[in-house]
Amino acid sequence: MKKILADVHTHTLASGHAYGTIREMAQAAAEQGLKILGITEHAPGIPGTVNPFYFCNLKVVPRTLYGVQILHGSEINVLDDGSLSLEQKWIDKLDYAIVGIHTPCYDNAGPKQNTKNLIQCMKNEKVRLISHPDDDRTPLDYPELVQAAKTYHVALEVNNSSLSSKGSRQNCAENYRTMLRYCQELRVPVIVNSDAHDPSAVGRFSQAEQLLERLDFDLSLVLNTDPDALLTFLLEEKPPVL
């Protein structure tokens with residue numbers, strides 16, 4: 001498989017249940033040969049995570065550490081009414097945002113409503129990725145989700161942590177098979193991320209890579225095999241919705 005050169009869904013100890021510093025995560029990224037590392041602390045709603053004021057001072061962090069380009073994001077929660085758990089004034093401080101459903105701050109509303117809530121969050125200009133859309137505890141309508149991702153210029157994640165034996169999410173591999181089939185049909189980009197909560201997991205994608213290989217997935221749709229294409233997707237203005 002073509003080498004994945006960026007990992008843009010990771011957490012440091014600031015998220016409250018992760019165990020590395022920014023520098024430790026960056027050093028691990030360099031050791032794995034990554035070109036880009038995205039730090040995406042959890043937004044309010046996850047116990048123990050940062051106060052939103054944290055996002056105001058990211059400018060003090062060097063943009064390159066150990067030869068790795070550093071991007072600043074946040075993994076923002078989808079709330080029960082389809083809103084985001086971080087106010088826009090804080091979102092504006094970020095390079096990009098990931099949105100995802102997390103059971104500590106979301107009540108399952110069934111596939112149709114869960115998907116509708118995710119799509120509502122996709123419309124935000126800074127939202128470029130959907131995290132771990134793979135969990136049967138909060139099931140999704142994949143044809144509708146993939147079409148919306150295409151419409152709103154959002155990539156869907158294949159989350160290596162979900163596929164690991166340590167993950168708590170349910171039926172992830174089968175859900176990814178379904179999602180990826182639609183992504184390939186509609187030419188919707190995906191992104192492979194570690195969702196690392198410790199430096200030892202940064203840049204580790206083996207389960208996700210194996211799944212893509214088994215499905216003979218078109219690797220030209222994997223954004224983070226091309227750092228320039230990834231930066232364009234994450235950082236440039238979204239194209240208008242037609």
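Which residue forms a salt bridge with Asp135, and how far apart are the closest N and O atoms?

**View 1. The salt bridge of Asp135 and Arg137.** In this predicted model, Asp135 pairs with Arg137 in a salt bridge whose closest N and O atoms are 2.7 Å apart, the term denoting a side-chain nitrogen of Lys or Arg within 4 Å of a carboxyl oxygen of Asp or Glu. Asp135 is buried, with a relative accessible area of 7%, whereas Arg137 is partly exposed at 29% (buried means under 20% relative accessible area, exposed over 50%, and partly exposed in between, with a 1.4 Å probe and protein chains only).

**View 2. The salt bridge of Asp141 and Lys112.** The side chains of Asp141 and Lys112 meet in a salt bridge at 2.5 Å, N to O. Because Asp141 lies in the loop between β6 (127–130) and α4 (142–151) while Lys112 lies in helix α3 (residues 111–122), this pair ties together parts that are 29 residues apart in sequence; helices (H or I, at least four residues) and strands (E, at least two) are DSSP runs, numbered from the N terminus. Asp141 is buried at 15% relative accessibility, and Lys112 is exposed at 55%.

**View 3. The network of Lys112, Asp141 and Glu144.** Salt bridges link Lys112, Asp141 and Glu144 in a network. Between Lys112 and Glu144, the closest N and O atoms are 3.8 Å apart. Lys112 belongs to helix α3 and Glu144 to helix α4, so their pairing ties together parts that are 32 residues apart in sequence. Glu144 is partly exposed, at 33% relative accessibility.

**Notes to all views.** Residues are numbered from 1 along each chain as its sequence is written, and side-chain values use heavy atoms, with hydrogens and water left out. Local features need pLDDT of at least 70 and side-chain atom pairs count only at pLDDT 80 or more, while totals for chains, interfaces and linings use all residues.
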